[in-house]
Amino acid sequence: MSLDWIADELHRLDANELRRHPRNCEPLPGGRCRVDGALCVNFASNDYLGLANDPRVIAAAVRASELYGAGAQASALVSGRTPIHAMLETELARFEETEAALLFPSGFAANVGVIGSLVDESDVVLCDRLNHASLIDGCRLSGARFRVYGHCDLEQLARELDKARDARRRLIVTDSLFSMDGDIAPMRELAELADRTESMLLVDEAHATGVYGEQGTGLCEEISQLRGLVRIGTLSKAIGSQGGFLAGTRDLIEWVRNTARTQMFSTALTPAACGAALESLQIIRTDTSRRDRVRENSRQLRARLQARNWSTLGAPDSPIIPIVVGDPQQTVAMSQRLLSQGFFVPAIRPPTVPQGTSRLRISLSALHFGADLDRFCECLSSLGDLKQP
Ligand SMILES: *Cc1c(COP(=O)(O)O)cnc(C)c1O
């Protein structure tokens, strides 16, 4: 068979404005970037605290490279776990207030690996409908009986748990802060339900680490007493580096270290990523102003959008602010017009979000200024014919 079918498929994507085009995006100070040559405010980054380009974090990455090399040379269980990997695992456990922590090459790899270590064909895994793709793939690959419940629908989840009571193990899987809707899972209720039904609860804190919680560790802080809690995070969003991690009991870490295929059969993180993450954790620990600022930016922008009759999704202070437009063509047109006026706001389309809910997704950073938010609102409202239905 030839590969000619691919050209047809690409035409089909084009016809529906669903083809994604890679951009060349150069980071600049002040939450800005140059996209394909054009200078703009970057509302498309997960660097919520502005740490990815912090001079202290960059210097720590350089030092780690100088000490331990550009690459880790092998998977963690072979020879890839250098002293700085060990230090970072210890530091993550201290940060998360768990017995231990384990690094993964990425958050995606952490989710796929950990779910596969916790459940198999004898078990049932229950997954929120809006969970991140890596969680969904993890559920599928695990071989466990896979049930999807409506977004944050505790009643449906309770019914599914009841139907699954004969399974050997039950695993509830959820994002804490949902990446495409910017809303927050009902953490306490999920913890109670997990406790009552003797289920495990895996929480993916990718977007919440560093942003939420008294200590900045995420939304699991409020349910940290739950015995069956499995906390997953990424170093690649607010922490401004790269890599994923699991935090939990010593036994959990030992088990996953011995069984998770995405950790055993993939090279350990680069030392630079570990050095950067260690420095960021230190900053997050001692400087609460960054997380306060990004959440304040969210409250401010939401209020200003609302005043102009734009409706947004998500928690009142969540750094992810989606504006649902509906139709992918219109969403892309808005995104392009915004870009031409100096604002990089991605158009999120199917299959990332359900049909008919294409949206602009604004991601805020502690680095954005009030004046940028004002100018953005003006700009959005001046798009004229292009607006929310
Ligand atoms: C980004 C993201 C991941 C993947 O993390 P990476 O470190 O980028 O691989 C996992 N889960 C959620 C909810 C995410 O948003």
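Me: What makes S11, S14 and S13 an open sheet?
Reply: The 3 strands line up in the order S11-S14-S13, with antiparallel pairing. Strands are DSSP runs of E with at least two residues, and helices are runs of H or I with at least four, numbered from the N terminus. Two strands pair if DSSP finds at least two bridges between them. The edge strands are S11 (320–326) and S13 (347–348), and each pairs on one side only.

This is a predicted model, where local features need pLDDT of at least 70, side-chain atom pairs count only at pLDDT 80 or more, and totals for chains, interfaces and linings use all residues. Residues are numbered from 1 along each chain as its sequence is written, and side-chain values use heavy atoms, with hydrogens and water left out.

Me: How do you know that S11 and S14 pair?
Reply: Count the bridges. At least two are needed, and 6 join S11 to S14 (residues 358–363). The two strands run antiparallel. Isoleucine 321 stands opposite isoleucine 362 in S14.

Me: Which helix lies across S11 and S14?
Reply: Helix H12 (residues 289–307) does, at about 30 degrees to S11. Axes are lines fitted to C-alpha atoms, for helices over the stretch in contact (heavy atoms within 4.5 Å). Angles run from 0 to 180 degrees between N-to-C directions.

Me: Why are S1 and S12 said to stand at the edges?
Reply: The sheet is open, with the order S1-S2-S3-S12 and mixed pairing. S1 (25–28) and S12 (343–344) each have a single partner strand, so one side of each is left without a neighbour in the sheet. S12 pairs with S3 (residues 38–42) in the parallel sense over 2 bridges. There, asparagine 42 stands opposite phenylalanine 344.

Me: Which part of the protein gives the most residues to the shell around the ligand?
Reply: Helix H5 (residues 107–118) does, with 3 residues.

Me: Why is the bond between proline 350 and proline 351 worth a look?
Reply: Most peptide bonds are trans. The one joining proline 350 and proline 351 is cis, with omega about 5 degrees. Proline 351 is in the loop between S13 and S14.
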